[in-house]
Amino acid sequence: MAGCTTDVVVDIGAERDYSFGFRNGQNLNAIEASAPTESQTVARLADSIRSLPPLEPGAMPAPRSVVRPVALRAPTIAIDTASVIDVGVDDAGFLEIPAAKEVGWYKFGPAPGETGSAVLAAHIAFNGSDGIFRNIPDLRVGDQVTVDYEDATDRSFEILGIVQYAKDRLPLDDLFERRGQARLVMITCGGDFNPNLSSYQDNIIAYAVPV
Amino acid sequence: MGRFMALLASLASMALMVGIFATPASAQDNTRIILIHGIPGVDVDILANGEPVAEEFGFGDRIDLSDLAGETLEELTVLVAGSDAVAIAAGDVLLPNAGNTTVLAHLDEIGDPTLTLFSNDTSAISAGEGRLTFRHAAAAGPVDIKIDDAPASRGLDNAREIAADLRARDVAVEVLAFSEDGGETVIIPKQDVPVTEGESIVVYVVGSPGDNSVTVLTDVVSLSAAEEDSEATTDQGTEDEGETDEGTDDDGDDEDTAMNSAPAGVETGNSPLTETSIPLSAIAAVVVLAGLMTFGARRFTR
């Protein structure tokens with residue numbers, strides 16, 4: 001599908017240094033009483049200044065409060081109830097993927113239904129068994145999936161489309177974007193399987209929006 | 001419809017769909033200048049150009065000077081609130097016309113009030129990591145900083161900083177100063193600081209050991225005023241955080257102002273499919289319904 005997707009350079013294997021590699025300070029400028037070349041008088045200074053919430057001495061930023069997804073139901077693709085678990089990234093910077101029959105929710109992005117693109121990912125096949133996302137390619141536009149949350153609520157999402165990308169053309173920035181309309185992407189693999197790499201050539205993405 | 005026309009139609013529809021799921025356009029210039037009062041125990045009035053910039057400005061208070069980027073604050077003066085006592089006579093101060101800057105009023109090494117401009121690094125943060133910055137802004141000589149009991153910095157001077165991107169987690173932070181006889185004093189007892197994924201957190205060590213007022217002011221670097229507003233409320237992101245964007249443009253400007261990064265890839269399969277069913281590569285890439293057209297007109301907003 002050349003020409004339709006954004007070219008994204010996937011930075012596989014970049015070094016991730018988790019040691020305290022502190023670097024020297026940025027350029028810091030102590031205020032200098034410098035004569036300006038041309039001073040600009042600002043009319044009504046106060047109009048250009050906005051107030052902000054104060055910092056509380058000793059306090060740390062409040063932790064994010066999020067209602068986490070815990071299960072996924074997708075009856076049109078034979079997912080009765082699949083467990084959803086929080087995942088991050090591994091040491092190589094790739095999305096962590098749980099075991100064959102579990103769905104991973106990218107915990108650093110939004111929960112499904114929050115602002116931005118929520119990501120659910122699972123194997124299409126893993127260690128010789130079908131993955132829970134085996135039938136993602138069979139999703140059809142208009143199908144609904146339902147996410148169950150840890151507070152016993154649920155939300156449904158409608159499939160808008162299914163797209164297959166070569167992995168080196170996967171629009172990662174878009175899929176993991178945290179801003180904008182609430183939306184959901186479900187990711188698995190597809191295309192040719194490379195037995196030497198034990199990896200698939202493509203990713204398959206199902207795009208959905210809250211109903 | 002011929003196969004080619006069908007493909008064209010589906011490509012057009014996919015462009016619409018991709019539009020919804022694409023990275024948002026940047027609304028406007030991202031120059032940021034935030035002024036923070038980092039001197040405990042004294043409210044101040046701040047004047048410039050003969051006018052008030054802030055009045056009864058208390059310890060920890062902040063104001064947003066971003067709209068004055070590139071302007072000169074003439075005869076910038078910090079007075080003890082309600083008096084003529086001058087705490088800082090900064091003269092003419094040229095505010096940066098680009099970048100992300102924090103202006104901090106704080107005590108220098110010997111305890112005199114001063115003003116320092118700090119430049120905030122807003123470069124991309126790798127997925128899974130958060131940025132942590134310490135700025136020494138207390139009335140003390142060089143300090144040592146420990147993170148999780150290991151030395152992270154030695155001999156950091158007043159008005160200097162150290163920074164690193166770390167795997168997101170809570171880290172235990174301790175700050176030590178040195179007395180004239182060489183003895184070590186803990187000025188910030190060990191406490192947790194949340195290294196937050198995709199965000200940049202700045203810890204200012206402020207105050208004076210002499211009067212036991214040393215503490216931390218912790219700020220989150222924000223890239224835009226809208227972001228600042230959303231952080232101000234404690235309501236977490238729900239769909240009604242889709243605030244109207246100020247001047248969203250659809251001309252294809254896709255400057256990305258967020259610091260967080262996507263993962264490097266998604267590896268969701270390590271063995272071949274067990275069934276010899278339809279080879280996936282033969283499936284048409286896009287199946288889109290007319291229902292998508294209803295979303296075509298709505299670029300997403302923040």
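Two strands are taken to pair if DSSP finds at least two bridges between them; strands (E, at least two residues) and helices (H or I, at least four) are DSSP runs numbered from the N terminus. The model is predicted: local features need pLDDT of at least 70, side-chain atom pairs count only at pLDDT 80 or more, and totals for chains, interfaces and linings use all residues. Residues are numbered from 1 along each chain as its sequence is written, with chains lettered from A and ligands numbered from 1 in the order in which they are written.

**Exercise 1.** Determine the strand order of the open four-stranded sheet in chain B and identify its edges.

*Solution.*
Step 1. The order is β11-β10-β13-β14 (chain B), with antiparallel pairing.
Step 2. β11 (150-156) and β14 (184-195) of chain B each have a single partner strand, so they stand at the edges and one side of each lacks a neighbour in the sheet.
Step 3. From one strand to the next, the twist averages 20° (axes are lines fitted to C-alpha atoms, for helices over the stretch in contact; angles run from 0 to 180 degrees between N-to-C directions).

**Exercise 2.** Describe the connection between β10 and β11 of chain B, and classify D149(B) as buried or exposed.

*Solution.*
Step 1. Strand β10 (residues 143-147) of chain B is joined to β11(B) by four bridges, and the two run antiparallel. V143(B) has L156(B) as its bridge partner in β11(B).
Step 2. The loop between these strands, β10 and β11 of chain B, contains D149(B).
Step 3. Burial is judged by other C-beta atoms, placed from the backbone, within 10 Å of a residue's own: 20 or more is buried, 12 or fewer exposed, in between partly exposed. D149(B) counts as exposed because it has 8 C-beta neighbours inside 10 Å.
Step 4. Although 23 residues separate D149(B) from A172(B) in sequence, their C-alpha atoms are 7.4 Å apart.

**Exercise 3.** Characterise the largest nonpolar core and the contacts of V205(B).

*Solution.*
Step 1. A nonpolar core is a set of buried Ala, Val, Leu, Ile, Met, Phe, Trp, Tyr and Cys residues joined through C-beta atoms within 7 Å. The largest has 66 residues, of which I46(B), A138(B), I145(B), Y204(B) and V205(B) touch the most other members.
Step 2. Strand β15 (residues 200-207) of chain B contributes the most to this core, namely five residues.
Step 3. Contact requires C-beta atoms, placed from the backbone, within 7 Å. Beyond its neighbours within four places in sequence, V205(B) contacts residues including F134(B), A138(B), V143(B) and I188(B).
Step 4. A second, separate core of 55 residues includes F126(A), I136(A), F157(A) and Y207(A).

Note on methods. Contact = placed C-beta atoms within 7 Å.
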